[in-house]
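Take a minute to look over the model shown here. Then use the notes that follow to find your way around.

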Amino acid sequence: MAVPAAAMGPSALGQSGPGSLAPWCSVSSSPTRYVLGMQELFRGHSKTREFPAHSAKVHSVAWSCDGRRLASGSFDKTASVFLLEKDRLVKENNYRGHGDSVDQLCWHPSNPDLFVTASGDKTIRIWDVRTTKCIATVNTKGENINICWSPDGQTIAVGNKDDVVTFIDAKTHRSKAEEQFKFEVNEISWNNDNNMFFLTNGNGCINILSYPELKPVQSINAHPSNCICIKFDPMGKYFATGSADALVSLWDVDELVCVRCFSRLDWPVRTLSFSHDGKMLASASEDHFIDIAEVETGNSTLIFCLSSLSIGTFLVFSSLHITNSPAL
């Protein structure tokens, strides 16, 4: 059920310092030369196209590390992969085998041929686009809803509906560790250095564990309501979180301090994506638009309005390809 934005924003939560929100959580008033240049680029190249991919709702999309392929996972129990050819996407293959909805997928961080899917059928599957076959099926204890691949490519973490996160060796396909949490686990991610593991939870917090020890390091009160998603920028300087309070908060990785907030959405923030150079941040919710902002100022480079999509399709915005920015 959709939840309206909370009245209190993150800037009301505390003073500056580790794990707190800094007093400069704000948006610059005047657009920079970079923002003006990107706005001009978007105006000149803004094209959209709807791609039929599945027979039911699309739950997840992700670009391969080289930006050549886009994968999607669906309620129809399949994954699809599209190949980017110049200015268009060509469907390459459908991947079948799961017995339930494919709720999330992700690509190997450095091998553009491998991706992994998480399903409600209590398995994850690793796929190789060169063979179009599942190269490994790993049984898990619960219905899986989120998944991520470690930056060094050695481990896959998968979370289920019972708030259990399992760490799986990507080579042996065996479980290395398992953690049961006493709070609602939403999205999970390693930091870029591969030495910390982050979880967003239903209490509005970001929980940080050391890795591979999996010992608690810190719990940050990031939002006044459910903290839904998290994304690290490719440069390793920031990470962003999205919440049911309709706010996106930007955090300094080293200081663990919130440096900026983005407040143009009206509904819970469901997904985030940085551009390849870390200069832009896209955020989306149940609003009928995607907000794309300059990271360093918070200024909007684009408010991209969405039309109604057919079931089983996703929308590609061509200007994002020009800047090699991941799609939401």
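Accessible areas here come from the Shrake-Rupley method with a 1.4 Å probe, and for residues only the protein chains shown count as cover. By that method the protein exposes about 14800 Å² of surface, and 49% of it belongs to carbon and sulfur atoms. Keep in mind that this is a predicted model: local features need pLDDT of at least 70, side-chain atom pairs count only at pLDDT 80 or more, and totals for chains, interfaces and linings use all residues. Residues are numbered from 1 along each chain as its sequence is written, and side-chain values use heavy atoms, leaving out hydrogens and water.

**Confidence**
- pLDDT is the predictor's confidence in each residue, from 0 to 100; its mean for the protein is 85, and 83% of the residues reach 70 or more.
- Over residues 1-26 the pLDDT is below 50, and this stretch has 66 contacts (heavy atoms within 4.5 Å) beyond near neighbours in sequence.
- Residues 318-328 also stay under 50, with 42 contacts beyond four places in sequence.

**The whole protein**
- The protein has two helices and 26 strands; these are DSSP runs numbered from the N terminus, with helices (H or I) of at least four residues and strands (E) of at least two.
- Of its 328 residues, 55% are buried, where buried means under 20% relative accessible area, exposed over 50% and partly exposed in between (1.4 Å probe, protein chains only).
- Residues 220-254 are 54% strand and 0% helix, and their end C-alpha atoms lie 14 Å apart.

- Two strands pair if DSSP finds at least two bridges between them.
- Strand 4 (residues 79-85) has five of its seven residues buried.
- Strand 3 (residues 69-74) pairs with strand 4 in the antiparallel sense over five bridges, and Arg-69 stands opposite Leu-83.
- Four residues sit between strand 3 and strand 4 in their hairpin, where Lys-77 takes a positive phi near 75 degrees.
- Strand 4 also pairs antiparallel with strand 5 (residues 88-95), over seven bridges, and Glu-85 has Arg-88 as its bridge partner.
- That hairpin of strand 4 and strand 5 has two residues between the strands, and Lys-86 takes a positive phi near 55 degrees.

- Four strands line up in the order 18-19-20-21 as an open sheet with antiparallel pairing.
- Strand 18 (227-232) and strand 21 (258-262) are the edges, each pairing on one side only.
- Strand 20 (residues 248-252) pairs with strand 21 over four bridges, including one between Trp-251 and Cys-258.
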